[in-house]
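Please open the structure in your viewer and keep the sequence panel beside it, so that each selection can be followed in both places. The tour moves from one stop to the next, and at each stop it says what to select and what is there.

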Amino acid sequence: MKDWPLWEIFIRSKQGLSHKHVGSLHAADAQMAIENARDVYTRRNEGISIWVVEYIHIHASTEDAEAFFDPANDKVYRHPTFYDLPDELRHI
Amino acid sequence: MLASSVPAVQNARFEYLLRLGDDALILSHRLSEWCGHAPVLEQDIALANIALDLLGQARMLLTHAGEVEGAGRSEDDLAYFRTSQQFRNALLVEYPNQDWAYTIVRQFFFDVYHYHLYQALLHSTDTHLAAIAEKALKECTYHLRYSSEWVVRLGDGTPVSHQKMQAAVDELWMYSGELTTPDAIDLAIAADGIGPNLLPIKTLWAEKVTAILTEATLVKPAQTWMQSGGRSGRHTEHLDRLLAEMQHLQRTFPGQVW
C-alpha cells in the first residue's frame, strides 16, 4: 500500500455546478480511487459526481502570493462596477 | 423429496425471516470487527459502510420476523436474547475474519447469493418483505461490485495475495453450498410465493463465482460436499464466541438504552 499514489478528490453535489475539492486518499488506480471516494466522501449524500486526479498531475502556484497576485489588486477598472443598470435589469 | 414427505413446518414464515435477518446480522457483526483494524483506511470505512447496510437490513428483517411471530418480540429481543441454537444464519457468515483474503472471499460468496436473493424477493407475496428487498437490493448491488473487484485484484495480484486468496477459497468453499440448498422450510416458503426457488439462484451463483474466480486466476475447488446445519441452529463454535461479545452488554443490563 505504500506504493499507492495519492489522489485528490473533487465532488459535485446534486444542485452544484462545479466539482469542489473535498480531500484526498490513497488508491492503486483511478477506478479504486473513485470507489474509495464514493465510500469515504459520499456517505452523507454529498454528491453525484466524482473526479479523481492523481496528485502528481496537479500543479500549484508556489510563488510568493503577494508579489505574484499583487498587480490585480489596484486595477479597479477591471471590475464591471461602473455601469448604471436600468431598473428593468437591476436584478440580473 | 416428495411433497407428501415434507414435514409440516410451523411458523415457516417466521423461521424464514429469521434466516434472512440472522445472515445479515451476523455478517454485519463480523465486518464491524474490522472497524479500526483494517489494513487501509479507505477499506476500513468501506467495510464499516457495508456492515451498516447489513445491520439496517437485519433490523428491518428481524422486526418483521417479530411481527410475524406475534409473540411481542422486538428486533432487539431477537438479536440479543436468543442462544446460538436459536440462530438461523448460514455457517458461512459466522466464519471468523482470519485475514483480508478470508474476509473478501466470505463476502463475495455471500454477496452473489444475496444479490440474486433480493432480486427474487422483489416479487415476494409478502409485500413488506418485497419492500425490504427493494431497498436492500441497491445496497447489495454495490456490495457485490466491491467484493468481486477485490477478489480479482487480490487473486490476480502478487504471488502472496494470490496464494492467500486461493487458501481462503479452498477453505470457505464447503460453506458456500448451504446458501442455495433448499430444505423443507425453503420449499414451503417457495410454494407460498414468499421466497424464491433456490435452485435457479444456485445456478446463477455458480456462473458468477466461476466467472470471477477465472478472471482472478483462482482455481475453483472440485469438492462438492457442503457443510450445513446453520439453518437448523447447528452452528460452529465460532457463533457462541461471537454472540458472547455481541450480546454481552444487553444480557448484563437487560432493557438498557443509549
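This is a predicted model: local features need pLDDT of at least 70, side-chain atom pairs count only at pLDDT 80 or more; totals for chains, interfaces and linings use all residues.

Residues are numbered from 1 along each chain as its sequence is written, while chains are lettered from A and ligands numbered from 1 in the order in which they are written.

**Stop 1: a strand in chain A**

Select residues 6-12 of chain A, which form strand β1; helices (H or I, at least four residues) and strands (E, at least two) are DSSP runs, numbered from the N terminus. In a regular strand the side chains alternate between the two faces of the sheet. On β1(A), the covered face carries W7(A), I9(A) and I11(A), whereas L6(A), E8(A), F10(A) and R12(A) belong to the uncovered face.

**Stop 2: a loop residue with a positive phi**

Now select N45(A), which sits in the loop between α1 and β3 of chain A. Its phi is positive, about 65°, although N45(A) is not a glycine. Is N45(A) buried or exposed? A residue is buried if 20 or more other C-beta atoms lie within 10 Å of its own, exposed if 12 or fewer, and partly exposed in between, with C-beta atoms placed from the backbone. N45(A) has 8 other C-beta atoms within 10 Å and is therefore exposed.

**Stop 3: where the chains touch**

Show both chains: 6 residues of chain A are in contact with 6 residues of chain B, where contact means that the C-beta atoms of two residues, placed from the backbone, lie within 7 Å. On the chain A side, helix α1 (residues 30-41) gives the most, with 3 residues. By class, this side has 3 nonpolar, 1 polar and 2 charged residues; Ala, Val, Leu, Ile, Met, Phe, Trp, Tyr, Cys and Pro count as nonpolar, Asp, Glu, Lys and Arg as charged, and the others, Gly among them, as polar.

**Stop 4: the largest core**

Select L61(B), L92(B), V105(B) and L172(B), which touch the most other members of the largest nonpolar core, a group of 71 residues. A nonpolar core is a set of buried Ala, Val, Leu, Ile, Met, Phe, Trp, Tyr and Cys residues joined through C-beta atoms within 7 Å. Helix α5 (residues 100-121) of chain B gives the most to this core, with 13 residues. Apart from it lies another core, of 12 residues, including A27(A), M32(A), I50(A) and V52(A).

Zoom in on V105(B), which lies in helix α5 of chain B and is buried because 31 other C-beta atoms lie within 10 Å. Not counting residues up to four places away in sequence, V105(B) touches V151(B), M165(B), A168(B), V169(B) and L172(B).

**Stop 5: two neighbours in a loop of chain B**

Select T217(B), in the loop between α9 (198-215) and α10 of chain B. T217(B) has a positive phi of about 55° although it is not a glycine, and with 13 C-beta neighbours inside 10 Å it counts as partly exposed. L218(B) is found in the loop between α9 and α10 too, but L218(B) is buried, with 22 other C-beta atoms within 10 Å.

**Stop 6: helix α10 of chain B**

Finish with residues 237-252 of chain B, helix α10, whose 16 residues should span 22 Å at 1.5 Å a residue; the expected span is 1.5 Å times one less than the number of residues. The end C-alpha atoms are 22 Å apart, which agrees. Within this helix, L239(B), L242(B) and L243(B) are buried, and what covers the buried residues of α10(B) includes α1 (12-32) and α4 (91-94) of chain B. Of the 21 residues of α1(B), 18 are buried, so α1(B) is largely enclosed by the rest of the structure.
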